[in-house]
Amino acid sequence: MSAAAPIRALRRPSGGVAGLWLALVALAAVAAPLLTPYAYDVQALREAYQAPSAAHWLGTDEFGRDLLTRLIYGARTSLSVSATAIAISVACGMVLGAAAAWFGGWFDRAVTVVVDLTWSFPEILIALILVAIIGPGTTGTMIAISVAYLAQFTRLTRAQIMTLKGETFIEAARSLGAGNAHILLRHLLPNALAPVLVSAMLATGDAIILEATLGFFGLGAQPPTPSWGGMMSAGSALVFKAPWIIIFPGLTVAITVIAINLYGDALIAALDIRAKLRRAA
Amino acid sequence: MTFPFRKTLLSASVSLAALFAGAAVMAQEAVFVLNTSEVGAPTYNPIKATNLNKATTLIFDRLVSQAADLSYHPWLAESWEEAPDGMAWTFHLKKGVKFHNGEPFNANTVKEWLELFKASENAYMTEAVAEVQVIDDATVKFVMSRPEPNLLYNLSSSYMSVIEPKSYKELGDNYGVTEVYGTGPFKLESFAIGQETVLTRNDDYTWGSPLSKNTGPAKIAKITFREIAEDSTAFLELKTGGVDMLLGVPADLIGEVKKEANLAVLTMPGQDVYYMPINVTKPPFDDIKVREAAAKAINQEEILASVFGGIGSVADTFLISALPEGHVPDADKIHYDPVRANALLDEAGWKMGANGVREKDGQPLKVSLWTQSDSIFRRLTEVVQAQLKAVGIEAEITTFDSSMIRDQYKTGEQQLAVRSYNWDNADIVDWFFGGDRLGYPNVSMFNDPKAEELRAKAMTGSKNMEERVANFTAYHDYVLTQFPMAPIYQPVDAVAYNADHLVLPDTINAPGIGPVAIMDMEVKE
């Protein structure tokens with residue numbers, strides 16, 4: 001992947017707007033304590049259920065906590081859990097997929113069977129089962145999401161390597177005496193990287209939704225740590241009384257996920273790898 | 001190609017006819033939504049069920065009915081006498097009562113029905129009855145193995161709904177699922193587990209409980225009970241006219257219902273208690289001082305006001321306030337007392353640390369706090385967490401799916417939890433604190449020799465009601481002084497209904513909305 005591609009993606013109108021939003025959310029997550037005068041976990045029950053105002057831009061929640069503050073801290077949870085989970089998933093998926101494609105034989109068959117099996121279940125189901133086993137909380141959610149998406153990256157990497165394996169430049173490298181590790185690390189994986197990274201980008205959007213879903217069921221970050229899904233869940237019971245408690249986290253999740261998808265699309269166009277992605281799916 | 005056209009025309013006229021027919025019977029029909037806690041009840045078999053929904057109480061009658069003041073009144077039993085030593089009860093049964101399948105109700109029915117309880121899920125209901133003697137067609141005598149002052153309560157419970165023994169034996173496990181026969185004011189027309197139950201009026205019914213004005217056939221001809229798991233969805237259905245009544249409305253929705261001009265709310269004393277079990281076996285809670293401190297850190301008034309909008313009342317004992325066994329000495333009631341909580345923790349060696357969390361020997365006072373995934377529990381638990389933090393106890397919340405949390409309790413790993421129960425008899429103290437039920441239901445893992453002694457006396461050593469009340473009060477009082485839990489809140493039972501469509505009776509002489517209320521209910525023409 002050329003270094004200029006992420007920048008080129010920003011030049012497209014949709015990619016630019018999306019990139020701006022994502023940068024904003026990421027910045028807010030990193031600089032959370034500097035951006036807001038409120039604490040995310042201190043209850044002020046007398047100030048509960050306040051509608052948006054000058055003091056509380058997005059209103060207060062059922063415990064009188066500032067909603068914007070919780071949304072910003074929630075970005076920390078949601079983004080870090082989703083991004084870390086996908087990073088783990090990509091790393092493990094690439095190793096597994098590359099090894100399966102490269103070594104072939106019974107190892108390849110075993111990996112393919114397991115991957116296809118998990119691929120046939122919806123991610124949410126796998127994640128729910130895993131969280132039930134590991135236990136609720138951010139670590140559990142992270143592991144659950146990374147396992148849920150493992151199949152996708154394993155398949156994608158395997159498909160990339162399988163096509164690249166027969167190319168003449170690999171043949172050339174081998175005849176020059178290059179070993180397995182050298183060919184895999186220096187020739188195959190770099191060439192397979194672009195589509196994997198783009199699909200990781202798109203999967204992060206899905207992972208944010210999955211994290212929010214687990215949070216909505218109360219299985220994600222445990223209170224008082226805010227997460228977007230947990231906030232929506234609390235708000236869903238209060239939708240008539242204080243609709244802002246569910247609306248703002250909901251909008252944030254929606255806009256962030258759309259932004260990730262738009263930027264991902266822009267990146268695909270900039271890299272011109274649409275065909276490669278289609279082949280793997 | 002005229003055929004498709006004609007078919008369309010035909011189906012259009014058919015649906016039009018259905019529409020008119022629907023409008024004609026609309027007037028006598030009603031759609032109720034079951035309380036969310038009753039969603040998914042798998043059977044209408046009272047002998048084997050551990051969760052029965054409200055529709056059960058319309059399909060079956062009971063021998064005894066209970067009034068709003070918890071006193072007992074005739075129903076299928078017209079009168080009864082208890083032997084002075086409590087070792088026998090004689091019931092005189094109403095004559096002319098018939099089951100939905102035409103079978104008569106008489107003394108033999110009662111004998112056969114009670115025998116079915118043996119080795120069933122609800123065997124404890126009839127445990128003290130040694131033998132049922134048929135004196136004549138309308139008289140039965142229960143010979144007791146020990147005095148059971150709680151017998152009338154058991155007989156008034158929906159788990160002692162009188163079933164039809166013949167079909168019960170024939171249908172086996174299908175009884176209560178595919179077919180069910182009782183003597184009640186409504187017959188089962190259809191039942192889809194977790195979805196809906198349709199009941200139609202029993203036109204032969206003339207033996208209603210004297211607690212309702214109408215003892216003849218019900219005024220409503222057909223009732224559909226729908227099961228909706230989410231309270232806010234059920235409320236939307238009520239608001240948009242899809243249903244006529246919600247049989248359970250959580251406190252935080254009552255205000256929203258009252259905002260609607262056509263909707264009304266009826267509240268009655270509730271039978272739920274919210275509380276925080278404290279696992280007495282897990283350090284630091286093996287120290288009674290720490291238990292008392294945690295219990296007295298809970299600010300019940302603040303929770304009532306902020307979480308439940310001031311609707312309902314605070315709980316300061318383990319029992320609902322309607323029960324006489326709840327009248328323990330004021331000093332033993334558990335109230336918010338931050339000064340005492342802090343002093344006790346200091347005394348126990350837990351000194352306030354720099355970050356607001358207490359420490360002892362370098363260890364922070366960190367404990368686990370379990371809750372279930374229903375939104376009301378999650379909200380309540382976060383407030384409890386903040387209140388514990390105020391005295392220096394850091395509680396980490398773990399949320400479990402409501403259907404799985406009982407299995408989690410069985411591991412005994414919990415320290416603190418927030419939960420609730422629904423029961424209107426003092427024997428619930430035995431259920432949740434009995435030393436032979438550690439884990440679940442005894443979430444507190446409480447097993448105390450003195451408590452066991454008082455428990456045995458309360459459960460089986462009472463000859464009459466006064467003795468039972470005294471024994472249970474003593475047992476309950478002792479349990480409170482050991483702080484295996486902190487009482488939090490007592491909700492009200494609230495139903496919301498469409499006042500344009502339903503007319504509810506002015507007074508309901510029953511502990512909750514059930515057959516007594518529904519018999520007097522009318523649909524507006």
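Trainee: In this predicted model, what makes 18 residues of chain B and 20 residues of chain A count as being in contact?

Mentor: The criterion is a C-beta distance within 7 Å, with the C-beta atoms placed from the backbone. By that test, 18 residues of chain B touch 20 residues of chain A.

Trainee: Which elements of chain B supply at least two residues each to the side that touches chain A?

Mentor: Helix 7 (251-259), helix 9 (300-306), helix 11 (375-390) and strand 19 (394-400) of chain B do. The largest share, 7 residues, comes from helix 11 of chain B.

Trainee: How do the residues on that side of chain B divide by class?

Mentor: There are 3 nonpolar, 8 polar and 7 charged residues on the side of chain B that touches chain A. Gly counts as polar in this scheme.

Trainee: What helices and strands does chain A have?

Mentor: Chain A has 12 helices and 0 strands. Its C-alpha trace spans about 75 × 45 × 25 Å along the principal axes.

Trainee: Where do the two domains of chain B lie in the numbering?

Mentor: Domain 1 covers 27-268 + 494-525, and domain 2 covers 272-490. Their C-alpha centres are 32 Å apart. Their contact takes 15 residues from domain 1 of chain B and 16 residues from domain 2 of chain B. Helix 7 of chain B gives the largest share of the domain 1 side, 4 residues.

Terms used: Residues are numbered from 1 along each chain as its sequence is written. Chains are lettered from A and ligands numbered from 1 in the order in which they are written. This is a predicted model: local features need pLDDT of at least 70, side-chain atom pairs count only at pLDDT 80 or more; totals for chains, interfaces and linings use all residues. Two residues are in contact if their C-beta atoms, placed from the backbone, lie within 7 Å. Domain bounds come from an automatic or database domain assignment.
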